[in-house]
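Thanks for coming, everyone. Let me put the sequence and the structure up, and then we'll walk through some parts of it.

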Amino acid sequence: MSESPPILALRGVSKAFGAVRALQDVSLDLHGGEIHALAGENGAGKSTLVKILAGVHRPDEGQVLLDGRPRDFRGPGDAQQAGVAVIYQEPTLFPDLSVAENIFMGRQPRARFGRIDRGALRSATAGLFERLGVSLDPDRPARGLSIADQQIVEIAKAISRDARVLIMDEPTAALSGNEVGRLFSVARTLRDHGCALLFISHRLEEIFELCHRVTTLRDGRLIATEPLDDLTPDDLVQRMVGRELDTLYPKQDTTPGDALLTVARLTREGVFTDVSFEVRAGEIVALAGLVGAGRSEVARAVFGIDRYDAGAVEVRGTRLPVGSPTAAMAAGIALVPEDRRQQGLVMDGTIERNIGLTTLRTLRRGPVISRKAERDRAADWAIRLQLKYSRLSDAVGVLSGGNQQKVVLAKWLSTEPSVLIVDEPTRGIDVGTKAEVHRLLSELAADGLAVLMISSDLPEVLGMADRVLVMHEGRLAAEIPRAEATEETVMAAATGRTRREAA
Amino acid sequence: MAPDASVKTASAAAPVTATPRVGRLVRWDVIVTALLIVVFIGGALGTPDFATGDNLSFALDDLCEIALIALPMTLLVVVGEVDLSVASALGMSSALLGALWDAGWAIETIVPLLIVVGAVTGLVNGLLVTRLGLPSLAVTIGTLTLYRGLAYVVLGTKAVAEFPQNYADLATGTVPGTPIPYPFALFIVLAIITAVVLHATGAGRAMFAIGAQEEAAFFAGIRVKRIKLLLFVVSGVVSAFAGVIYTLRYGSARADNGLGLELAVIAAVLLGGVDFDGGRGTLGGVVAGVLLIGLLRNLLMLRDVATEIQSIVTGLLLIVSVLTPRIVAGVREARRHPRGSMSASSQ
């Protein structure tokens with residue numbers, strides 16, 4: 001790309017943790033004025049590489065080069081001093097301090113007698129935001145900022161420290177479409193100012209949209225560094241997984257049966273209003289919409305996590321009581337929640353206990369839980385879902401994101417539900433596991449399950465759903481059959497540009 | 001191949017993050033049990049009157065209220081709650097027993113009534129925690145003073161004595177042929193039941209899940225509030241019954257009976273390796289913790305150590321038992337690589 005030496009580079013870097021070789025002989029060049037993508041599945045070594053660049057880990061072999069000269073980062077502080085900044089998926093700001101104070105934490109401009117010069121603080125922050133082309137109030141507290149805004153604050157902090165290398169570790173995972181767009185424009189601005197950017201994302205379309213070149217890792221090894229212009233998404237996936245994926249969206253055709261889940265005029269004041277739909281046996285219905293449109297909230301109400309003010313939820317014609325997950329489960333509903341770490345799993349708990357948690361009643365022999373039954377059930381599901389683990393007595397926290405999600409799925413499928421609600425089933429999951437989850441959902445629907453899938457991943461919605469329900473500001477804005485569902489029709493409804501056509 | 005990468009990740013991370021936790025628990029139990037043996041042998045060698053059947057019976061009898069209340073307390077701490085009002089509930093039960101006995105009621109009528117009163121004290125705690133969402137630490141500090149206050153309202157500062165001999169015998173006598181007092185035999189039976197509930201039943205699985213990740217437990221259909229409420233009620237009932245034993249053992253009903261006992265109970269539970277943040281612990285550890293506290297109290301008493309020093313020892317044990325696992329974990333953390341270097345953050 002550029003003739004000048006890279007600002008930051010790795011040469012033949014290897015790193016091992018105990019017996020595991022996280023990185024082997026990996027080289028990487030980050031040039032000023034370029035956005036470089038780093039691709040690879042979970043466990044490919046991306047995070048280790050980022051941590052070496054950020055000075056968190058030191059390489060066992062190989063060198064880190066700064067402006068062409070070897071540098072030894074002894075800690076994150078060294079890397080920061082050298083102008084390397086990392087923006088994480090979920091930044092940690094001081095919630096009670098203002099945006100400006102967060103940015104200049106520890107380096108506040110001083111007035112006389114050591115007081116903080118608020119005027120200078122404010123104008124410096126406003127200047128940074130202007131450079132980034134975003135509008136944020138420097139004086140507002142960090143509490144309540146969206147994750148997207150928090151990331152912008154982190155980026156501003158990095159720029160204020162004259163960072164020349166910006167590493168963005170899956171910054172878009174929790175962002176909505178608009179927010180991603182804004183982040184990208186900030187990234188492009190920085191690129192045009194001569195910064196070197198490293199961008200990590202599981203979403204291939206983002207990599208293709210934003211970056212010039214891509215470095216792919218697999219099993220800790222460098223597979224290729226190449227311009228994205230010459231690649232197709234399929235090429236990239238193949239480099240990441242090392243084999244051809246049959247298809248990312250293996251949707252089987254099914255004939256829907258009876259309505260298993262009927263939601264009628266469901267309303268929770270201020271959250272969602274008058275939501276009616278049904279999901280039939282054998283059907284995958286997607287619930288699409290922008291983040292904050294109320295999709296997860298509807299799912300939570302249906303499952304009984306939250307109460308609702310009006311309307312009804314019926315499973316096979318039987319009305320469910322309000323606000324009882326236990327009753328919803330007994331009626332045959334399962335909910336794979338949005339937040340795997342908080343809601344889906346007990347992270348400290350073992351794999352087998354997590355899987356058994358939803359079916360404690362059926363694991364009983366007399367009054368006592370049968371450990372054998374518990375383990376057998378977990379082992380069955382581990383095999384069925386091709387879970388990668390070393391022992392069923394390991395904490396789920398040690399599994400990769402994709403495998404954690406498989407445990408959540410196992411936990412819920414073992415209740416033998418007739419209605420499966422999945423909320424963002426593949427968020428933060430590598431592409432190989434993603435295809436597996438999709439195949440599983442498709443098979444389950446073919447077996448007669450009613451599947452309600454909430455997803456912000458538009459290709460997933462279009463690829464998997466028989467029908468797409470689109471929510472906009474707490475209301476159902478449209479119901480679009482598979483044949484008519486396109487990015488345009490779904491986005492139009494999600495952004496409120498079309499009114500609801502049918503119920 | 002992708003699966004290979006994942007397998008490596010899982011198997012690599014497992015020994016790093018999972019084993020120390022399990023290892024820590026096992027080792028903590030072992031440490032406490034070892035300490036128990038050391039204290040026992042040390043006591044037997046250094047204090048002449050210690051290792052006699054009579055003294056050990058007395059020590060166990062003296063320990064039984066702490067031991068009994070430690071059982072529901074263990075379950076509460078496992079689900080991430082705590083009940084500081086137990087000693088006051090005990091005192092209130094004692095005061096009521098005295099007042100009603102004084103008024104001519106039969107013990108057979110009073111005890112069931114006290115059980116009901118105990119259930120109500122627990123219910124109040126439980127409802128405040130589960131319905132209003134208040135932290136149990138704050139709620140039960142409140143009811144700690146409330147119930148103690150009610151005890152004084154009931155009995156004032158007087159003491160009621162002269163309870164029927166057959167009941168006093170039940171509180172101090174030993175199971176024939178053993179040095180085990182009846183109240184402690186009750187503890188053994190209840191400890192076995194509690195151990196089974198905690199470690200082998202669905203309810204126990206649910207309790208650990210609640211303590212470790214309450215939201216995930218709720219999402220899994222576990223009736224979190226109902227379980228917590230029930231545990232507070234059990235805690236109240238056991239405390240009230242412990243009040244009966246206490247009163248009969250000392251032959252004296254007073255409003256200030258069992259003052260400060262809650263700290264010994266919590267010290268025993270934490271010393272037994274139950275994580276104060278919930279989600280982790282074993283009942284075996286708690287039994288060892290209870291016995292250790294009991295032996296220490298007995299030894300200090302035999303050596304005529306002032307009660308002030310005794311409470312200092314209890315306090316130090318409390319701090320040490322909370323601190324040690326954390327220091328050990330911290331040292332481990334520092335020694336190994338930052339957690340989840342490959343798996344946790346790369347998604």
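Is B:Val139 buried or exposed? B:Val139 is buried, at a relative accessible area of 8%. Buried means under 20% relative accessible area, exposed over 50%, and partly exposed in between, with a 1.4 Å probe and protein chains only.

Some ground rules. This is a predicted model, where local features need pLDDT of at least 70 and side-chain atom pairs count only at pLDDT 80 or more, while totals for chains, interfaces and linings use all residues. Residues are numbered from 1 along each chain as its sequence is written, chains are lettered from A and ligands numbered from 1 in the order in which they are written, and side-chain values use heavy atoms, with hydrogens and water left out.

Back to B:Val139. The residue sits in helix 5 of chain B, residues 136-155. Helices here are DSSP runs of H or I with at least four residues, strands are runs of E with at least two, and both are numbered from the N terminus. What does B:Val139 contact, leaving aside neighbours within four places in sequence? The partners are B:Asn125, B:Leu128, B:Val129 and B:Leu134. Contact means heavy atoms within 4.5 Å. B:Gly126 is 13 residues from B:Val139 in sequence, and their C-alpha atoms are 9.1 Å apart.

Now B:Thr130. B:Thr130 belongs to helix 4 of chain B, residues 107-130. B:Thr130 is buried, with a relative accessible area of 5%. Residues up to four places away aside, B:Thr130 touches B:Lys225, B:Lys228 and B:Leu229.

Let's step back to chain B overall. Chain B has 13 helices and 2 strands. Of its 347 residues, 52% count as buried. Take the contacts in chain B with a separation of 6 or more: 78% of them are between residues 24 or more positions apart.

Next, a helix pair. At what angle do helix 8 and helix 10 of chain B pack? Helix 8 (residues 202-212) and helix 10 (residues 224-250) pack at about 105 degrees, and their axes are 11 Å apart. Axes are lines fitted to C-alpha atoms, for helices over the stretch in contact, and angles run from 0 to 180 degrees between N-to-C directions. That makes helix 8 of chain B roughly perpendicular to helix 10 of chain B. The cut-offs: under 35 degrees is roughly parallel, over 145 roughly antiparallel, 65 to 115 roughly perpendicular, and the rest oblique. Helix 8 of chain B brings B:Ala206, B:Met207 and B:Ile210. Helix 10 of chain B meets them with B:Val224, B:Ile227, B:Lys228 and B:Leu231.

Helix 7 of chain B, residues 182-200, is a length check. Its 19 residues at 1.5 Å each should span 27 Å, and its end C-alpha atoms are 27 Å apart, which agrees. The expected span is 1.5 Å times one less than the number of residues. Buried residues in helix 7 of chain B include B:Phe184, B:Phe187 and B:Leu198. The helix's buried residues pack against several elements, among them strand 18 (368-369) of chain A and helix 2 (53-78) of chain B.

Helix 11 of chain B, residues 261-271, has 10 of its 11 residues buried, so it is largely enclosed by the rest of the structure. Among the buried ones are B:Leu261, B:Glu262 and B:Val265. B:Gly273 follows helix 11 of chain B, and its phi is positive, near 90 degrees.

How many aromatic pairs are there over all chains? There are 6. Rings of Phe, Tyr and Trp (its six-membered ring) pair if their centres lie within 6.5 Å; planes under 30 degrees apart are stacked, over 60 edge-to-face, and the rest tilted. One of the pairs is A:Phe303 with A:Trp412, edge-to-face, 5.5 Å centre to centre and 85 degrees between the planes. This pair links distant parts of the chain, 109 residues apart: A:Phe303 is in helix 9 (residues 295-303) and A:Trp412 in helix 14 (residues 401-413), both of chain A. Both A:Phe303 and A:Trp412 are buried.

Last stop, A:Gly220. This glycine is in the loop between strand 9 (213-218) and strand 10 (221-227) of chain A. A:Gly220 is buried, with a relative accessible area of 0%. A:Thr48 is 172 residues away along the chain, yet the two C-alpha atoms are separated by 8.9 Å.
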